[in-house]
Amino acid sequence: MRLNKYYLAAFSAFFVWGFFSLALKPLHKYPSLDILFYRVFFSVITMLLINLSFRRKVLIKNWNQFKSMTVKQKRSVIVLTLGGGTFLSSNWFVFIYVMNHVSVKAASLAYLICPILTTILAFFILKEKLSKWQWFAVMISAFSCILLSLNHFEDIFYSLITAATYAMYLVSQRKNSELDKFLVLTIQLVFTALILLPFYPNYSGTLPTESLFYSCLIVIVVFFTIIPLFLNLYALKGINSSAVGIMIYINPIIGFLLAIFYYHEQVTTLQLFSYFLILVSIVVFNKKLIFFRKLKAIPSELEASK
């Protein structure tokens, strides 16, 4: 049950992120960098208010826990937490740059490359073991990404950088399990805000005045930043980073379906086939969990039939 709970958290995070365009599209007139600034700053304010208003006991408990750690443990927690914040802010920076100055396809391709990189990094850095079926799923994913990148090889370089920053975030946070996950996320977003703050005066536009901007921003902060990021970190407590990484595919699949059925964008047969392969890779990668759940359900069904 606990294992299923962590899988559900990972699935929910990327399922929610798949609908990000619904909140982002109405803000297409605003500079992407402004959206990034206000997304981070508002997220920090919201999380600090939640922690200081409702989670004081958790803060005190974690502070006492941190003080009781050895010097080596403290150093590890600080490096992993702030390192995670660096990877997260880098990912958001690079993603905005690629989206605005390279191509939307390169940014989308990054979501597809990220699970492959996460799995490979987890294998070499965290020594996470993968079955032959899971490696086969990774190969299917890699093949589908190659199909999607045909005639767009210049995009691969930028996609790799974008994907690598988030893959490193996932892998680093798999080892960062000493403190409360919501507190860790708060510290990382505060750190990200401090990194962005010096750039705000020179790179931000005029202060938005439309209510649409702030209403969409609230939705983005709560439903597309705080909740999925927390679910992401929570999932890493119970399942390995490669399993969380493969769930990232849920995000672009939903985005792809929205593009077809909601935004009515044109798609090719090759794209349809590639996304079908990605869906197959998710099932193959998690087939052990699916099979285990079916086996677990058989005794219950037998009991019910008696």
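Ile 278 counts as buried, because its relative accessibility is 0% (buried means under 20% relative accessible area, exposed over 50%, partly exposed in between, using a 1.4 Å probe and protein chains only). The place of this residue is in helix H14, residues 269–285. Bear in mind that this is a predicted model: local features need pLDDT of at least 70, side-chain atom pairs count only at pLDDT 80 or more, and totals for chains, interfaces and linings use all residues. Residues are numbered from 1 along each chain as its sequence is written, and side-chain values use heavy atoms, with hydrogens and water left out.

**Around Ile 278**

- Leaving out residues up to four places away in sequence, Ile 278 touches Leu 112, Ser 144, Leu 148, Tyr 249 and Ile 253 (contact means heavy atoms within 4.5 Å).
- From Ile 278 to Leu 207 it's 71 residues in sequence and 41 Å in space, C-alpha to C-alpha.

**Two more residues to look at**

- Ile 146 sits in helix H7, residues 132–148, and is partly exposed because its relative accessible area is 47%.
- Ile 146 and Arg 56 are 90 residues apart in sequence, with 49 Å between their C-alpha atoms.
- Thr 165 belongs to helix H8, residues 153–174, and is buried, with a relative accessible area of 12%.

**The overall fold**

- You'll find 15 helices and zero strands in the protein (these are DSSP runs, H or I of at least four residues for helices and E of at least two for strands, numbered from the N terminus).
- The radius of gyration is 20 Å, close to the 19 Å that the globule rule gives for 306 residues, so the protein is as compact as a globular protein of that length (the radius is taken over C-alpha atoms, and the rule is 2.2 Å times the number of residues to the power 0.38).
- Along its principal axes, the C-alpha trace spans about 60 × 55 × 40 Å.
- Buried residues make up 45% of the 306.
- Of the contacts with a separation of 6 or more, 88% are between residues 24 or more positions apart.

**Surface and charge**

- The protein exposes about 16,600 Å², with carbon and sulfur atoms supplying 70% of it (Shrake-Rupley method, 1.4 Å probe).
- There are 27 positive and 10 negative side chains, and the centres of the two sets lie 13 Å apart (Lys and Arg count as positive, Asp and Glu as negative, while His and the chain ends are not counted; each charge is placed at NZ of Lys, CZ of Arg, CG of Asp or CD of Glu).

**Aromatic rings**

- The count comes to 27 aromatic pairs (ring centres of Phe, Tyr and Trp, using its six-membered ring, lie within 6.5 Å; planes under 30 degrees apart are stacked, over 60 edge-to-face and the rest tilted).
- Phe 37 and Tyr 200 make an edge-to-face pair, 5.4 Å centre to centre with 85 degrees between the planes.
- That pair links distant parts of the chain, 163 residues apart: Phe 37 is in helix H3 (residues 32–54) and Tyr 200 in helix H10 (residues 200–203).
- Phe 37 is buried at 0% relative accessible area, whereas Tyr 200 is partly exposed at 22%.
- Trp 63 and Phe 66 are a stacked pair, 6.0 Å centre to centre with 25 degrees between the planes.
- Both Trp 63 and Phe 66 lie in helix H4 (residues 56–67), three residues apart, about one turn of the helix.
- One aromatic cluster is formed by Tyr 30, Phe 37, Tyr 38, Phe 41, Phe 42, Tyr 200, Phe 213 and Tyr 214.
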